[in-house]
Amino acid sequence: MLQRRSHLSTTFDLSIVNEIIDSLGCKPSAIIAILQGVQERCRYLPEEIFPYLSEKLGVSEASIYSVATFYENFSLEPKGKYVIKICDGTACHVRKSIPILEKLRKELKLTEKKSTTDDLMFTVETVSCLGACGLAPVITVNDKVYPAMTPDKAELLLRELREEKKDA
Amino acid sequence: MLNNREELKACRDTYEKLLTVEKKRILVCAGTGCVSSGSLEIFDRLIALLEERNIPCSVELQEDGCNGDGSADPVGVKKSGCHGFCEMGPLLLIEPQGYLYTKVSLDDCEEIIEKTIVGGECCERLAYQKDGKIYARQEEIPFYEKQTRLVLEHCGHIDATSIKEYFAIGGYEAFEKALFDMSGEEIIQEITDSNLRGRGGGGFPAGRKWTQVRSQKTEQKYIVCNGDEGDPGAFMDRSIMEGDPHRMIEGMMIAALACGASEGYIYVRAEYPLAVSRLETAIRQATEYGLLGDRILGTEFSFILHICRGAGAFVCGEGSALTASIEGKRGMPRVKPPRTVEQGLFDKPTVLNNVETFANVPLIISQGAEWYRGIGPENSPGTKAFAMTGNIENTGLIEVPMGTTLKEVIFDVGGGMRGGDQFKAVQIGGPSGGCLTTDHLDLPLDFDSLKKAGAMIGSGGLVVLDSSTCMVEIARYFMNFTQNESCGKCVPCREGTKRMLAILENIVEGKGEEGDIELLLELADTISQTALCGLGKTAALPVISTIKNFREEYEAHIYEKRCPAGNCQKLKIIKILPDLCKGCSKCAKVCPVGAIRGMVKKPFVLDVSKCIKCGACLDQCPFGAIEEVV
């Protein structure tokens, strides 16, 4: 069912999952919240959690997997340290959001299929609407909103984020 | 903890008095828009500057007054909800004068304190200006002047994170009235008489929904608030949740009282982290004061509220998909009946309304159905909040009485087109809505007349488009959205939208064929009639309405391979002007497909059949010898 990812050989520390289950309650209806909790901590859903959650919650592994793949916010692949979301809502779209996306992809050598850089620093994805239409076009970096973007401003922002990485 | 009605009243009185102590108030907009342009830093700076000057300032309403030492009156510095005028942010509202400062920066704080707070004068350079006229006070600004803000009345005027301020302006009064003075039937009667229609888009009468839930014999019932708001270009629900969360919670409590429910859920999309945290704060505060929980205010009524975060699925805005998602399943719609009012969340009778609908409820209970019916047309009373965006001067959040014409909304409130461009169309109601044109400018905006015109209020997103927008591209954009968001359960939506999208993509790429328009209409008809849920049923509306109103644009794309708006990249032709070309070969070097050839120092030639119109050569030419022809 799950594609095995060979490059992730380290076993995942399941105590994180236990903490999350303890705070949200061990019931099948909490599954989305639990997965959200895991993703907030790990930036993706490691495959090890599926059999574990299945046993804990008494729900089949397939149905947990079906939830994880249905919702757009869940990722089974590791995401970058900086998740850049380009809003392509109607307002941003008519104020030219696509050139920003293209610029970022070009700068980071990403494509529609490949959204995360190899060094796991950046993930670039589009979202349907962030609800900040008055400031269109908008992008977010790890949920921080950057208003009135242009391709040039996006390039500058990338440079700043890279500098930050060096400082860290 | 409030134990009875008297204590609630006393509490309200106390905070009302405390609010009057704060004679001067600075309300810093803390909506998502202004926060992202730095309003929280401004908030901190203002407090620091006041402290420097030893002017007492209060961030929370202070029980002991704060000027107990006999010093000057405290200045209230508050984080308020969205003022709506997002384009001009960060915004600051100064009371009691009602000055609205726009595009405030950190450097302006000093002057604001000195001139306005200490001196009482207006900093005119920060006020809104148009055509050389300065509008110092908020209510004078044309953007606000034509609005009727009822649901949004507190957004921007009170501290969004303080239940005390909500008490101070008469908060939970409607709930108190409903709890102690009205029976469940009476509450429902009032809502039915008001003819409040669901603001989620469909316009289903709220009173009828509540009656159906109340009449169910089941013990356990649920109140669910739909705060999913996935429509691109809509953010009114977000602003209510962020700016006045107690108002919506109060509406849910009244609904619970009327229908006999003891548990409720607020489903908020994950893209709204600020709304989630404000709601969490509000629920915590209401619970601390004993307004949520067991035996509320000493009565038999108990009610608790949970927040459920969405995980990025547009279809979860649909009732049965939303309840499935709360239950921890894939958010897929199901066949109805049974309807949500009979078997909703956890198969129990459920009232499911959207944020704006619940926010209307306290108003109706306090002011009465008759008063409410006096606003707007008979069949769609009340006001409607719209999120106005696109190529318009004043983008932002507005609220007007139902029945206001499109012209008034766009040109009076919206200030007309940005940069004086020509109005072309307005896309209303997101992916479920349609396009309206200049012919519809006198159309009153309400549920019924929009439906007649082939559009719908939907979530209330108004995206204003100017002449540079290609309508076929807009139709393609929405179809792409619906196709991505289709849950895949029913064939018409899953396969039909895919087919429609492919045709539209062909058309904008210049590969459209004769018969495409007819095929699109036929597919649209089939999908609308056979899809399982509202998402599928309305998916074709943007296509139908753009074909109906802008058929000639489709025809130009298909038959002349031309985009009249000059927007479609693939339909552009790139030319090298031989007179200007100096033969430097820069263009040929960057061309990724080798479409440009020539001898150095002689004019180069571009092979149109090879050209992919990427535009790389355009940026490279130092002589302006390459041009794009529409």
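Mentor: Let us begin with B:Gly328, which comes just after H13(B) and takes a positive phi of about 90°. Helices, as the word is used here, are DSSP runs of H or I with at least four residues, while strands are runs of E with at least two, and both are numbered from the N terminus. This is a predicted model, in which local features need pLDDT of at least 70 and side-chain atom pairs count only at pLDDT 80 or more, whereas totals for chains, interfaces and linings use all residues. Residues are numbered from 1 along each chain as its sequence is written, chains are lettered from A and ligands numbered from 1 in the order in which they are written, and side-chain values use heavy atoms, with hydrogens and water left out.

Trainee: What makes H13(B) mostly covered?

Mentor: In H13(B), 8 of its 8 residues are buried, among them B:Gly319, B:Leu322 and B:Ile326. Buried means under 20% relative accessible area, exposed means over 50%, and partly exposed lies in between, with a 1.4 Å probe and protein chains only.

Trainee: What covers the buried residues of H13(B)?

Mentor: The cover includes helix H2 (31–42) of chain A, and from chain B it includes strands S8 (222–227), S9 (263–268), S10 (304–309) and S11. Contact here means heavy atoms within 4.5 Å.

Trainee: Why is A:Asp143 called exposed?

Mentor: Its relative accessible area is 53%, which is over the 50% limit, so A:Asp143 counts as exposed. A:Asp143 is found in the loop between strand S3 (139–141) and strand S4 (144–146) of chain A.

Trainee: What makes the phi of A:Asp143 worth a remark?

Mentor: A:Asp143 has a positive phi of about 75° although it is not a glycine. Most residues other than glycine have a negative phi, and most peptide bonds are trans. B:Ser585 also has a positive phi of about 75° without being a glycine, and its place is in the loop between strand S17 (573–576) and helix H23 (586–590) of chain B.

Trainee: How do you know whether B:Ser585 is buried or exposed?

Mentor: The relative accessible area of B:Ser585 is 11%, and that is under 20%, so this residue is buried. A:Ser63, in helix H4 (residues 61–70) of chain A, has a value of 26%, which lies between the two limits, and therefore A:Ser63 is partly exposed.

Trainee: Which peptide bonds are cis, and what is omega there?

Mentor: One cis peptide bond joins B:Gly89 and B:Pro90, with omega about -5°, and another joins B:Lys336 and B:Pro337, with omega about 0°. B:Pro90 is found in the loop between strand S3 (75–80) and strand S4 (92–95) of chain B, while B:Pro337 lies in the loop between helix H13 (319–326) and strand S11 (350–354) of that chain.

Trainee: What makes the charged end of B:Lys384 sit "over" the ring of B:Phe386?

Mentor: A charge sits over a ring if NZ of Lys or CZ of Arg is within 6 Å of the ring centre and within 35 degrees of the ring normal. The charged end of B:Lys384 is 5.8 Å from the centre of the B:Phe386 ring, and B:Lys582 lies over the face of B:Phe623 at 5.4 Å from the ring centre, so both distances are within the 6 Å limit.
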